[in-house]
Amino acid sequence: MANDPLRLVVFDCDGTLVDSQHAIAHCMDHAFAAHDLDCPGLEKTRTIIGLSLPEAIRKLAAPGMLDDTIIEGVTAAYKAAFFELRQTPDFYEPLFPGVREMLAELDARNWLLGVATGKARRGLDAVLARNALEGRFVTLQTCDNHPSKPHPSMLHAAMDETGVDAPNAVIIGDTAYDIEMGRAAGMLAIGVGWGYHDVETLNNAGAHAVIDHFDQLPGLLETMWGTGRDAA
């Protein structure tokens, strides 16, 4: 409808749109081993996916073990490992089921789409290009220009860029960091049940809802916005 307010749907990337856990864990182990540090492994690495890389490395390392110089070195080693892995023929970082159909349905409602991710812009651009999603999102917020989640800076910037106010915006993510970021920005925050934090963790972080499949999202948003539900 012509008088409907502008709506903004912002997505996390890793664990929400794409399944990147194995690639991230592989590169994190490589970067830690390159600095003679104990490799964190997949299960531990899953807990920090979504944070900016230096913050993630700090959380994975034993307390007090890393100074800024080592963190910079591990960060650089991770980026180099991921760049190299991305060039291999069997590199696999698939979209989760239903992503394309869901984005098309949101587009049909004339809702604006965005991404807010702990990835660097280079990594996000590679994901979008590999999956032919360039141009699908009107605002792309990455760790290059913002503090790590759950700081709400990325969401504030997304709203500023699109002219959408917080009651008409939502963040969709798979971790407590996404939910806490959305709540801090005054937006609705919806969790996804297939990502890297479990449903209980998402609910404890304050998720307004948690979905089991992307086909639930358009109708859920229609209901939440249609009833005037806010992010309180």
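This is a predicted model: local features need pLDDT of at least 70, side-chain atom pairs count only at pLDDT 80 or more; totals for chains, interfaces and linings use all residues.
**Stop 1: helices H3 and H4**

Select residues 53-60, which form helix H3, and residues 68-86, which form helix H4. Two packed helices are described by the angle between their axes and the distance between the axes. Here the axes come within 10 Å and cross at roughly 115°. Angles of 65 to 115 degrees count as roughly perpendicular, and H3 and H4 are therefore roughly perpendicular to each other. The handedness of this crossing is right-handed.

Now show the side chains where the two helices meet. On H3, select Leu 53, Pro 54, Ile 57 and Arg 58. On H4, the residues that make the contact are Asp 68, Ile 71, Val 74, Thr 75, Tyr 78 and Lys 79. Colour this set by residue class: six are nonpolar, one is polar and three are charged.

**Stop 2: Thr 117**

Next, go to strand S2 (112-116) and follow the chain toward helix H6 (121-130); Thr 117 lies in the loop between them. Is Thr 117 buried or exposed? Its relative accessibility is 1%, so Thr 117 counts as buried, the cut-off for buried being under 20%.

To see what surrounds Thr 117, select the residues it touches, leaving aside those up to four places away in sequence. They are Asp 12, Cys 13, Asp 14, Leu 124, Gln 141, Thr 142, Cys 143, Lys 149 and Met 154.

**Stop 3: the bond between Lys 149 and Pro 150**

The peptide bond joining Lys 149 and Pro 150 is cis, with omega about 10°. Pro 150 sits in the loop between strand S3 (139-141) and helix H7 (153-162).

**Stop 4**

Most residues other than glycine have a negative phi, and most peptide bonds are trans. The last two selections have a positive phi.

Select Asn 110, in the loop between helix H5 (99-108) and S2. Asn 110 is not a glycine, yet its phi is positive, near 65°. With 63% relative accessibility, Asn 110 counts as exposed.

Finish at Ala 132, which is found in the loop between H6 and S3. What is the phi of Ala 132? It is about 55°, a positive value in a residue that is not a glycine. Ala 132 also counts as exposed, at 57% relative accessibility; the cut-off for exposed is over 50%.

Definitions and conventions
Residues are numbered from 1 along each chain as its sequence is written. Side-chain values use heavy atoms; hydrogens and water are left out. Axes are lines fitted to C-alpha atoms, for helices over the stretch in contact, and angles run from 0 to 180 degrees between N-to-C directions. Helices (H or I, at least four residues) and strands (E, at least two) are DSSP runs, numbered from the N terminus. Angles under 35 degrees count as roughly parallel, over 145 as roughly antiparallel, 65 to 115 as roughly perpendicular and the rest as oblique. A crossing is left-handed if the near helix is turned anticlockwise from the far one by less than a right angle, and right-handed if clockwise. Contact means heavy atoms within 4.5 Å. Ala, Val, Leu, Ile, Met, Phe, Trp, Tyr, Cys and Pro count as nonpolar, Asp, Glu, Lys and Arg as charged, and the others, Gly among them, as polar. Buried means under 20% relative accessible area, exposed over 50%, partly exposed in between (1.4 Å probe, protein chains only).
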